[in-house]
2 protein chains.
Amino acid sequence: MSAELDKIDYKILRLLQQDGRTGNAEIAKRVNVSAATCHRRTQRLFEDGYIQNVRAQIAPDKVDRGALVMVGVVLDRSTPESFGAFEAACRALPFILDCHLVAGDFDYFLKIRVRDMADFNHLHGDQLIALPGVRQTRTFFVMKEVVDNAPLAF
Amino acid sequence: MSAELDKIDYKILRLLQQDGRTGNAEIAKRVNVSAATCHRRTQRLFEDGYIQNVRAQIAPDKVDRGALVMVGVVLDRSTPESFGAFEAACRALPFILDCHLVAGDFDYFLKIRVRDMADFNHLHGDQLIALPGVRQTRTFFVMKEVVDNAPLAF
DNA sequence: TGCGGACATGCAATATCCTTTCACTTTGAT
DNA sequence: ATCAAAGTGAAAGGATATTGCATGTCCGCA
C-alpha cells in the first residue's frame with residue numbers, strides 16, 4: 001500500500017480541517033470522485049492517523065474562559081525526574097492548553113485559559129508556583145488574540 | 001429565550017469538543033434526551049455561536065509540519081499603526097498558528113509550525129525579521145510537545 | 001509482449017441516520 | 001387557576017453513509 005498522499009487526499013484533509021462536519025457526498029463533489037471512493041479515502045485518512053480527531057471549537061468567552069495567558073517557566077533542576085514530574089503535573093491541570101519544553105531562557109512555555117485576570121492570580125498562587133520543581137515563572141497576559149489556533153497549512 | 005446553558009447543553013458541548021463527528025443519535029443517548037430535542041439543542045449551540053466551528057486535527061508530522069517554534073517579538077515603535085501593520089502581516093502568513101499581543105517583555109508571541117529547524121531558519125531570515133516594525137525576535141525551539149491544543153475545560 | 005495479482009474506482013443496493021412535523025407536556029407569569 | 005410560550009418525544013419522510021460487486025488500471029515478472 002502506498003503510504004503517500006495524492007492531491008485528492010490533501011484536498012480532503014484541507015476540507016475536513018476547514019469544516020469537519022462536511023458530509024461525504026459534499027466532499028466527493030468537491031474533489032471530483034465518487035462518494036464511495038471518497039468515503040474509503042476519508043476512512044483511510046482516519047485509520048492511518050492523518051486525521052488525529054475532529055473537534056468542535058468552543059467559543060472561550062461563552063464558557064467563561066475569555067482570558068488567555070502565556071507563562072514561561074524555569075525549573076529548579078534540569079534532571080529527567082524534575083522534568084517528568086513537572087510534565088505529569090501539567091497534563092493533569094485542565095486549564096493548561098499548551099505545555100512545551102523549549103530551548104532558551106525558559107524550560108517550559110504554557111498557554112492557559114481562565115475566566116479573567118483575578119482567576120489567573122488565584123491559580124498562579126495556588127497551583128502554578130506549587131508545581132513540582134518550579135523556580136520561577138514569567139507571566140504574559142494576552143491583551144489581544146490576533147490569530148488563535150489557525151488551521152495548518154500544507 | 002434563555003441565553004444560559006443547562007447541564008445538557010454543556011454535555012453536548014463537551015461531547016462535540018471531544019469528537020465532532022459524533023452523530024446526533026449517539027449524543028442524544030449519552031445526554032438522555034430524544035434525538036429531536038438533541039438535534040434542536042445542538043443546532044442552537046451552532047447558531048448562537050457557542051460552537052465556532054468543527055475542525056479535523058491533522059497530524060503535523062504526517063504533513064511535514066513536525067517542528068514547533070515559539071517566537072517572542074519586540075516592535076520598533078508602540079504605535080497603533082505599527083501594531084496594525086504587524087498584525088495584518090501575521091494574519092497573511094500561513095505558518096503562524098498563534099499570534100498574540102501580550103503585556104510583558106515582548107510585544108507579541110508567535111506559535112509557528114514548519115517542517116524542521118532548517119526550514120525555520122530560512123523563514124526567520126526571509127520573513128519574520130522582515131515583518132513590519134520588528135526590532136527584535138527571540139526564538140524558542142520546542143523540543144517536546146507535552147500538551148498541544150488541549151480541549152477546553154469548562 | 002503477454003500474463004497475473006494487487007489495488008483503486010464507480011455503480012447500485014442496502015442500511016443508517018438526520019430532519020421536520022405534529023400533538024402533548026412543562027414552565028412561568030398574571 | 002389559566003393562558004401563552006417554550007420544550008419535549010414519537011413517527012415519517014428524505015437524505016446520507018456504507019457495502020458488495022464488476023470493471024478498469026498499474027506494475028512486476030516471465
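Predicted model: local features only at pLDDT ≥ 70, side-chain atom pairs only at ≥ 80, totals over all residues.
Reader: What does strand 2 of chain A do with strand 4 of chain A?

Author: Strand 2 (residues 67–75) and strand 4 (residues 108–114), both of chain A, pair in the antiparallel sense over seven bridges. Within that pairing, A:M70 has A:K111 as its bridge partner, and A:A67 stands opposite A:V114.

Reader: And how many bridges link strand 3 of chain A to strand 4 of chain A?

Author: Five bridges join strand 3 (residues 96–103) of chain A to strand 4 of chain A, again in the antiparallel sense. A:C99 stands opposite A:L110 there. The hairpin of these two strands has four residues between them, and A:G104 takes a positive phi near 145°.

Reader: Is strand 4 of chain A buried on one face or on both?

Author: On both faces. One side carries A:Y108, A:L110, A:I112 and A:V114, the other A:F109, A:K111 and A:R113, and all of these are buried.

Reader: Changing topic: what does strand 1 of chain A pair with?

Author: Strand 1 of chain A pairs with strand 1 (residues 51–58) of chain B, in the antiparallel sense and over seven bridges. A:I58, for example, has B:I51 as its bridge partner. Strand 1 (residues 51–58) of chain A is mostly covered, with six of its eight residues buried.

Reader: Now the cysteines. How many disulfides are there over all chains?

Author: There are zero disulfides in the structure. B:C90 is in no disulfide, and its nearest cysteine sulfur, that of B:C99, is 3.7 Å away.

Reader: Are B:C90 and B:C99 buried or exposed?

Author: B:C90 is buried, with a relative accessible area of 1%. B:C99 is buried as well, at 0%.

Reader: Next, the helices. At what angle do helix 2 and helix 3 of chain B pack?

Author: Helix 2 (residues 24–31) and helix 3 (residues 35–47) of chain B pack at an angle of about 105°, with their axes 8 Å apart. The two helices of chain B are therefore roughly perpendicular to each other.

Reader: Which residues meet there?

Author: From helix 2 of chain B, B:N24, B:I27 and B:A28 meet B:A35, B:C38, B:H39 and B:T42 of helix 3 of chain B. The residues of this contact divide into four nonpolar, three polar and no charged.

Reader: Lastly, B:V102. Where does it lie, and what does it touch?

Author: B:V102 lies in strand 3 (residues 96–103) of chain B. Leaving out residues up to four places away in sequence, B:V102 touches A:F140, A:F141, A:V142 and A:M143 in chain A, and B:D107, B:Y108 and B:F109 in chain B. B:V102 is buried, with a relative accessible area of 4%.

Reader: How far is B:V102 from B:G72?

Author: Their C-alpha atoms are separated by 9.7 Å, although B:V102 and B:G72 are 30 residues apart along the chain.

Notes
Residues numbered from 1 in each chain as written. Chains lettered and ligands numbered in written order. Heavy atoms only, no water. Disulfide = S-S within 2.5 Å. Buried < 20%, exposed > 50% of the residue type's maximum accessible area, 1.4 Å probe, protein only. Pairing = 2+ DSSP bridges. Axes fitted to C-alpha atoms, helices over the stretch in contact; angles between N-to-C directions. Parallel < 35°, antiparallel > 145°, perpendicular 65-115°, else oblique. Contact = heavy atoms within 4.5 Å. Nonpolar A, V, L, I, M, F, W, Y, C, P; charged D, E, K, R; others polar.
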